[in-house]
Amino acid sequence: MMMKQLVILANKYPNEFDPNINVFTQQTAWTFADLGYECVVVCPSAVNLNKTNRKLPLETVEMTEQGNSVRVVRPCYLSMGQRPGPLNKQRVSFTVSNYVGAAKKALRDFSIDPALFFGEFLCPCGVAAAKLSKTTGVPSFFQSGEGLYFGDRYFGNDALAKVFDSLCGVVAVSQNNRDYLLHAGVVKPKQVLISPNGCRGDRFYPRDKKASRRLLGWDENAFVVGMVGRLETEKGPLRLKQAAESLEAVYFACAGKGPQDPSCERCLNAGPVDNSELPIFLSALDAFVLPTQIEGCCTAIVEAISCGLPIISADRSFNYDICGDDNSILVDPDDINAIAAAIARLRDDGELRARLAQGSLDRAPRLELRKRVASIANWMDMMTNGALATCKVGAANV
């Protein structure tokens, strides 16, 4: 008899053509599996929007490093997208409806017997989790990790509140995300758990800086700052470039892809870095600088913290759960002079650099992914009065 399963609903998931997309979703699924859960990822593929999706297998089985399996099921569906724009509600309603239909078909066709649905982000996955809960009676949750709240534009808050009346709870990655949801009135305070993003400490930890630089071909004695993220206005690669170029003896590196190109004489990297190589990239930096304008809770900052880096980032509420005076200098992300001044402080003050680096290392254990997933699992189990326990295979104590 098949065990009941924890079903993670995803919109994007790593694959053979794009192995670095939404790796945090994959690592969450793998961590659930390593904690003893029968885990299935249902990630419907929008075949009309991305030709690559047509080449993906309908089902694969991934193995974690600990030898536990995660099934990944990719039913096909038609999408009209979900970015804000003309005919928001009609387009998103069509997309969500087809996503839910594809998920239901996957449950039937692949013999998935869910004990719980967990949607990765509000739309379409969180809404789909709530809708599936209404039709199946299976408890549902979703994670709110968006940088901005668009629920009102997608559905209208009153309509969304009715959809979410079947939810057991929401995991908000920051106080900021919790406030979005409560201000909109779509969930109740008692339904929300605040749990900042985490990363795997067995992957993200400090390596020797000089050895890391030798691997990358960087000057071992240069002062180098860097960022990880999509190369677009919101993340600020060009603001970082301007700040670095205004200072003497400062180099920078950007790991990511996107429409902006920060390449210049001072730039040591301006393109993608494979996720498996990110710890080396981060360990080669003197400080992590991300002048980001919009976040839920930035996983790239969490990974930099875990690698023991001083942080320079935005003085905005989405950072307050993971950054403080002990490990960071927070500035106006739109103020090039303020970004440059913060970089200069770290370049010129080795004691400050060391103190903030130690602050990051002190914070890192609190941001360990295994602890985060275990605490979320315990909370979901409590919120469902033990229903989640039916899909355990013997979760490890953490």
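Me: Where does Gln-26 lie?
Reply: Gln-26 sits in helix H1, which covers residues 23–34. Keep in mind that this is a predicted model.

Me: Is Gln-26 buried or exposed?
Reply: Gln-26 is buried, because its relative accessible area is 11% and buried means under 20%.

Me: What does Gln-26 touch, not counting residues up to four places away in sequence?
Reply: Leaving out residues up to four places away in sequence, Gln-26 touches Tyr-13, Pro-14 and Glu-62.

Me: And how far apart are Gln-26 and Gln-143?
Reply: In sequence they are 117 residues apart, and in space Gln-26 and Gln-143 are 14 Å apart, C-alpha to C-alpha.

Me: Switching to salt bridges. How many are there?
Reply: The count comes to 14 salt bridges. One of them joins the side chains of Glu-59 and Arg-71, at 2.8 Å from N to O. That pair links distant parts of the chain, with Glu-59 in strand E4 (residues 59–63) and Arg-71 in strand E5 (residues 69–73), twelve residues apart.

Me: Are Glu-59 and Arg-71 buried or partly exposed?
Reply: Glu-59 is partly exposed, with a relative accessible area of 34%. Arg-71 is buried, at 16%.

Me: What about Arg-363 and Asp-326?
Reply: Their side chains also meet in a salt bridge, 2.9 Å from N to O. This pair too links distant parts of the chain: Arg-363 is in helix H12, while Asp-326 is in the loop between strand E15 (311–314) and strand E16 (328–331), 37 residues apart. Arg-363 counts as buried at 13% relative accessibility, and Asp-326 is partly exposed at 29%.

Me: Since H12 came up, how do H11 and H12 pack?
Reply: Helix H11 (residues 336–348) and helix H12 (residues 350–363) pack at an angle of about 100 degrees, and their axes are 5 Å apart. H11 is therefore roughly perpendicular to H12.

Me: Which residues meet there?
Reply: From H11, Arg-345, Leu-346, Arg-347 and Asp-348 meet Gly-350, Leu-352, Arg-353 and Leu-356 in H12. Asp-348 is exposed, with 56% relative accessible area, and Arg-347 counts as partly exposed at 25%.

Me: Which residues of H8 are buried?
Reply: In helix H8 (residues 237–245) the buried residues are Pro-237, Arg-239, Leu-240, Lys-241, Ala-243 and Ala-244. Their cover includes strand E11 (224–228), strand E12 (251–255), strand E14 (287–290) and H11.

Me: Now the backbone. Which residues have a positive phi?
Reply: Among them are Leu-87, at about 55 degrees, and Ser-111, at about 50 degrees.

Me: Why mention that?
Reply: Because most residues other than glycine have a negative phi.

Me: Where are Leu-87 and Ser-111 found?
Reply: Leu-87 is in the loop between strand E6 (76–77) and H2, and Ser-111 is in the loop between H2 and strand E7 (114–120). Leu-87 counts as exposed at 57% relative accessibility, whereas Ser-111 is partly exposed at 47%.

Me: Which peptide bond is cis?
Reply: The bond from Cys-123 to Pro-124 is cis, with omega near 0 degrees. Pro-124 is in helix H3 (residues 122–136).

Me: Last one. What do Leu-78, Met-80 and Phe-94 form?
Reply: They form a nonpolar patch on the surface, with about 270 Å² of accessible area together. Phe-94 belongs to helix H2 (residues 88–109) and is partly exposed, at 34% relative accessible area.

Terms used:
Residues numbered from 1 in each chain as written. Predicted model: local features only at pLDDT ≥ 70, side-chain atom pairs only at ≥ 80, totals over all residues. Heavy atoms only, no water. Patch = residues over 30% accessible without salt bridge, like charges linked within 9 Å, V, L, I, M, F, W, Y side chains within 5 Å. Areas by Shrake-Rupley, 256 points an atom, 1.4 Å probe, with all protein chains shown as cover. Salt bridge = Lys/Arg side-chain N within 4 Å of Asp/Glu carboxyl O. Helix = DSSP H or I, 4+ residues; strand = E, 2+ residues; numbered from the N terminus. Buried < 20%, exposed > 50% of the residue type's maximum accessible area, 1.4 Å probe, protein only. Axes fitted to C-alpha atoms, helices over the stretch in contact; angles between N-to-C directions. Parallel < 35°, antiparallel > 145°, perpendicular 65-115°, else oblique. Contact = heavy atoms within 4.5 Å.
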